[in-house]
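Work through these exercises with the model open. Try each task before reading its solution.

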Amino acid sequence: MKFLTFKIINSQIKDIIQNFLTYVTIALPVIIYYPIEVYFFYDYDVSTFQYLISFILNLLISAIIIVNIHRFVILKESNNFYNFNNSKLFLNYFLFGIFLLIFALAPSILTIYLTEIFIDLARDDYFTSLIGFIAWSVFLVICVIISLIFIMMIYPFFAFALPKIAIGEKFRIADIWRETKGYRITILLQIIIIFGPIFLIQILFDDTINKYIEIFMYFPSEILAISCLSKTYLLKYVNS
């Protein structure tokens, strides 16, 4: 399976290099928007209205880019990337993507919230016994495990359901999990291999990486990851 993963990543790196101008054209809205987002919205707190606007705009623009990448890789559609006839596809992708995102991240958000409560309680000497401290710790570990399981279960839906929406193919949600059989591990490995080195660099050089360098690192990786998901879907379609 790992060899299939490296084969997919390698093929899409070559595809991006060979069709560089096409990918730049597809990514143009993000290339224009990201500097604006960094300048106007980057420092706002998550609970602010400005952050909400930024988040929604980011998702909308990302939906347009991702749909066009899927259509280019899967359907070989190399023009009319911003045709208004595809607006329904963009909207469907956006709405279904938000649904999956909320479902996947809800346990993680709850875990983060409970962890903050746990830290505050520990700081205020709330735990008067070792048993209470251990019980909370075990509970948080279980929450983390559940969060990871949710992410591992939902992400294959991103890999197969969202490309179907992008190319206008109808599907039943109940069938998606069955269709991802045999490809779930490689889907997860792609993300680990593509984004793992970036996470490591961020941890090691956190003090020297500013917001512009961060965008420069993540943006090409995001394009590659989406292209790899399209390729994975294409392999499944060809082999079925």
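Helices here are DSSP runs of H or I, at least four residues long, numbered from the N terminus. By that count Lys164 lies in helix α5, residues 130-166. Keep in mind that the model is predicted.

**Exercise 1. The overall fold**

Task: Work out how many helices and strands the protein chain has, and in what order they run.

Solution. 
- Step 1. Count the elements. The protein chain has eight helices and zero strands.
- Step 2. Read the order. From the N terminus it runs α-α-α-α-α-α-α-α.
- Step 3. Check burial. The chain has 240 residues, and 38% of them count as buried.
- Step 4. Look at the contacts. Take those between residues at least 6 apart in sequence; 73% of these join residues at least 24 apart.
- Step 5. The accessible surface is about 14,800 Å², and 71% of it belongs to carbon and sulfur atoms.

**Exercise 2. A lysine in a helix**

Task: Decide whether Lys164 is buried or exposed, then list what it touches.

Solution. 
- Step 1. Apply the cut-off. Buried means under 20% relative accessible area. Lys164 has 5%, so it counts as buried.
- Step 2. Find the partners, leaving out residues up to four places away in sequence. Lys164 touches Glu169, Phe171, Ile176, Glu179 and Tyr233.

**Exercise 3. The aromatic pair**

Task: Find how many aromatic pairs there are, and classify the geometry of Tyr23 and Phe72.

Solution. 
- Step 1. Count. There is one aromatic pair.
- Step 2. Take the geometry. The ring centres of Tyr23 and Phe72 are 5.4 Å apart, and the planes stand at 85°. Planes over 60 degrees apart count as edge-to-face, so this pair is edge-to-face.
- Step 3. Tyr23 is in helix α2 (residues 20-41) and Phe72 is in helix α3, so the pair ties together parts 49 residues apart in sequence.
- Step 4. Check burial. Tyr23 is buried at 4% relative accessible area. Phe72 is buried too, at 9%.

**Exercise 4. The nonpolar cores**

Solution. 
- Step 1. In soluble globular proteins, nonpolar side chains tend to be buried together.
- Step 2. Size the core. The largest nonpolar core has 26 residues. Those with the most contacts inside it are Tyr23, Ile65, Ile69, Ile194 and Ile223.
- Step 3. List the suppliers. At least two residues each come from α1 (2-18), α2, α3, α7 (184-204) and α8 (211-239).
- Step 4. Follow one member. Leaving out residues up to four places away in sequence, Ile223 touches Ile16, Tyr23, Ala27, Ile65 and Ile69.
- Step 5. Look for another core. A second, separate one has 19 residues, including Ile74, Leu100, Tyr155 and Ala161.

**Exercise 5. A nonpolar patch outside**

Task: State which residues form a nonpolar patch on the surface, and how exposed Phe55 and Leu60 are.

Solution. 
- Step 1. Name the members. They are Phe49, Tyr51, Leu52, Ile53, Phe55, Ile56, Leu57 and Leu60. Together they have about 670 Å² of accessible area.
- Step 2. Phe55 lies in helix α3, and Leu60 is found in helix α3.
- Step 3. Phe55, at 38%, is partly exposed. Leu60, at 35%, also counts as partly exposed.
- Step 4. Leu60 and Leu91 are 31 residues apart along the chain, with C-alpha atoms separated by 8.0 Å.

**Exercise 6. Charges and a loop**

Solution. 
- Step 1. Search the whole structure. One salt bridge turns up.
- Step 2. Name the partners. Arg71 counts as buried, at 10% relative accessibility.
- Step 3. Recall the rule. Most residues other than glycine have a negative phi.
- Step 4. Locate Lys76. Its place is the loop between α3 (49-75) and α4 (87-123). Lys76 is exposed, at 59% relative accessible area.

Conventions. Residues numbered from 1 in each chain as written. Predicted model: local features only at pLDDT ≥ 70, side-chain atom pairs only at ≥ 80, totals over all residues. Heavy atoms only, no water. Buried < 20%, exposed > 50% of the residue type's maximum accessible area, 1.4 Å probe, protein only. Contact = heavy atoms within 4.5 Å. Areas by Shrake-Rupley, 256 points an atom, 1.4 Å probe, with all protein chains shown as cover. Phe/Tyr/Trp six-rings, centres within 6.5 Å; stacked < 30°, edge-to-face > 60°. Patch = residues over 30% accessible without salt bridge, like charges linked within 9 Å, V, L, I, M, F, W, Y side chains within 5 Å. Salt bridge = Lys/Arg side-chain N within 4 Å of Asp/Glu carboxyl O. Core = buried A, V, L, I, M, F, W, Y, C linked by side-chain atoms within 4.5 Å.
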